[in-house]
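Reader: I've got one protein open on my screen and I'm a bit lost. Could you take me through a single part of it, slowly, and tell me what touches what?

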Amino acid sequence: MEFTALVCRLLSDKGNRTGAILFSGRVERMIPARGGRRQLLVLLDALTRYRHPPGAQTTDLRRVLAMPPA
């Protein structure tokens with residue numbers, strides 16, 4: 001989580017937007033890219049609350065990255 005906070009902070013300080021995809025064997029939640037401090041707090045809150053589903057498959061990162069944007 002600390003790494004996420006650092007990267008988001010560095011990106012948002014330069015005017016970039018940040019978002020996230022939380023996934024296990026499938027996409028669990030998508031957080032659209034936005035800018036600002038509030039977005040950093042939204043991302044950190046989502047990561048703090050996220051629990052890996054019991055019995056979830058191993059993540060296939062290739063499949064997640066190949067998904068079309070929402």
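Predicted model: local features only at pLDDT ≥ 70, side-chain atom pairs only at ≥ 80, totals over all residues.

Author: Let's start with a definition: helices (H or I, at least four residues) and strands (E, at least two) are DSSP runs, numbered from the N terminus. Residues are numbered from 1 along each chain as its sequence is written, and side-chain values use heavy atoms, with hydrogens and water left out.

Back to Arg29. Its relative accessible area is 40%, so it counts as partly exposed; buried means under 20%, exposed over 50%, and partly exposed is in between (1.4 Å probe, protein chains only). Skipping its neighbours within four places in sequence, Arg29 is in contact (heavy atoms within 4.5 Å) with Ala20, Ile21, Leu22 and Ala46. Take Ala46: 17 residues separate it from Arg29 in sequence, and their C-alpha atoms are 8.9 Å apart in space.

Ala46 and Leu22 turn up again in the largest nonpolar core, together with Cys8, Ile31, Leu40 and Leu43. A nonpolar core here is a set of buried Ala, Val, Leu, Ile, Met, Phe, Trp, Tyr and Cys residues joined through side-chain atoms within 4.5 Å. H2 gives this core its largest share, three residues. In soluble globular proteins, nonpolar side chains tend to be buried together. As for Leu40, if you leave out residues up to four places away in sequence, it touches Ala5, Cys8 and Arg9.

Now look at Gln39, in helix H2 (residues 37-49). Gln39 has a relative accessible area of 4%, so it is buried. Beyond its neighbours within four places in sequence, its contacts are Thr18, Gly19, Ile31, Pro32, Ala33 and Arg34.

Follow that list to Thr18, which sits in strand S1 (residues 18-23). Thr18 counts as buried because its relative accessibility is 8%. A polar atom of the Gln39 side chain lies 2.8 Å from the backbone oxygen of Thr18. Apart from neighbours within four places in sequence, Thr18 is in contact with residues including Cys8, Leu11 and Leu43.

Terms used. Polar contact = N/O pair within 3.5 Å; in protein donor to acceptor, adjacent residues only side chain to side chain.
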